[in-house]
Amino acid sequence: METVISAIKTAIEKSRGRAVIDEENVRNVTSAPLNLVKELLVELVGHSKLEPRFFWPCEDGLGTTREATNVSDFPLVIECRRCGKSHHFDAARVEVHFVATADLLIDLSISPP
Ligand SMILES: [Zn+2]
């Protein structure tokens with residue numbers, strides 16, 4: 001548990017607060033079980049240390065077409081800036097990642113990016 005938290009803090013420190021954290025990258029550096037990593041990420045959100053960011057990936061696999069702080073900020077249809085086609089919103093395709101809150105940056109003595 002401590003190693004998972006310190007791995008998250010190290011990633012954020014190295015990126016000077018710009019790191020986008022997700023369960024896969026945390027698991028890769030800690031080899032902690034996925035359910036424990038998920039639980040800790042949710043806990044850190046509850047303690048206002050991390051906040052979620054939602055990413056809508058291009059259906060053609062060309063990367064993120066839109067990013068939002070709330071799923072409800074996404075439109076029902078988007079003109080994709082990656083492929084130029086229209087994509088329909090599908091909650092199942094949205095990816096959740098996490099970024100440091102101002103609170104965590106203060107804990108780590110990092111100026112906000
Ligand atoms: Zn697209």
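This is a predicted model: local features need pLDDT of at least 70, side-chain atom pairs count only at pLDDT 80 or more; totals for chains, interfaces and linings use all residues.
Residue numbers start from 1 along each chain as its sequence is written. Helices (H or I, at least four residues) and strands (E, at least two) are DSSP runs, numbered from the N terminus.

**Helix 1**

- Helix 1 has 13 residues and reaches 18 Å from its first C-alpha to its last, close to the 18 Å expected at 1.5 Å a residue; the expected span is 1.5 Å times one less than the number of residues.
- Its buried residues are Val4, Ala7, Ile8 and Ile12.
- Looking down the axis of helix 1, these buried residues fall within an arc of 130°, so they line one face of the helix; the arc is that of the directions from the helix axis to the C-beta atoms.
- The general rule behind that sort of pattern: an α-helix has 3.6 residues a turn, so residues three or four places apart point the same way.
- The cover over the buried residues of helix 1 includes helix 2, helix 3, strand 5 and helix 4 (102-107), where contact means C-beta atoms, placed from the backbone, within 7 Å.

**Helix 1 against helix 2**

- The axes of these two helices come within 10 Å and cross at roughly 115°; axes are lines fitted to C-alpha atoms, for helices over the stretch in contact, and angles run from 0 to 180 degrees between N-to-C directions.
- The crossing of helix 1 and helix 2 is right-handed, a label for the near helix being turned clockwise from the far one by less than a right angle, with anticlockwise giving left-handed.
- On the helix 1 side the contacts come from Thr3, Val4, Ala7 and Ile8, which meet Val26, Val29 and Thr30 in helix 2.

**Helix 3**

- The 13 residues of helix 3 (residues 34-46) should span 18 Å at 1.5 Å a residue, and the end C-alpha atoms are 18 Å apart, which agrees.
- Val37, Leu40, Leu41 and Leu44 are the buried residues of helix 3.
- They cover an arc of only 100° around the axis, which puts them on the same side of helix 3.
- Over on the other side of helix 3, you'll find Asn35 and Gly46 exposed.
- Helix 1 (2-14), helix 2 (23-30), strand 1 (50-57) and strand 5 (95-100) are among the elements covering the buried residues of helix 3.
- Helix 3 lies across strand 1 and strand 5, running at about 120° to strand 1.
- Lys38 also sits in helix 3, and it is partly exposed, with 14 other C-beta atoms within 10 Å.
- Lys38 and Arg27 are 11 residues apart along the chain, and their C-alpha atoms are separated by 9.5 Å.

- An open sheet is formed by 3 strands in the order 2-1-5, and the pairing is antiparallel; two strands pair if DSSP finds at least two bridges between them.
- Strand 2 and strand 5 stand at the edges, each with a single partner strand, so one side of each is left without a neighbour in the sheet.
- From one strand to the next, the twist averages 35°.
- Strand 1 and strand 2 (residues 64-68) pair in the antiparallel sense over 4 bridges.
- Thr64 in strand 2 is the bridge partner of Pro57, while Phe55 stands opposite Glu67 in strand 2.

**Positive phi**

- Arg16 lies in the loop between helix 1 and helix 2, and its phi is near 50°, a positive value in a residue other than glycine.
- Arg16 is partly exposed, with 13 other C-beta atoms within 10 Å.
- Ser48 is in the loop between helix 3 and strand 1; it isn't a glycine either, yet it has a positive phi of about 60°.
- With 11 C-beta neighbours inside 10 Å, Ser48 counts as exposed.
- Gly61 takes a positive phi near 75° in the hairpin of strand 1 and strand 2, which has 6 residues between the strands.

How values were computed. A residue is buried if 20 or more other C-beta atoms lie within 10 Å of its own, exposed if 12 or fewer, and partly exposed in between; C-beta atoms are placed from the backbone. Two residues are in contact if their C-beta atoms, placed from the backbone, lie within 7 Å.
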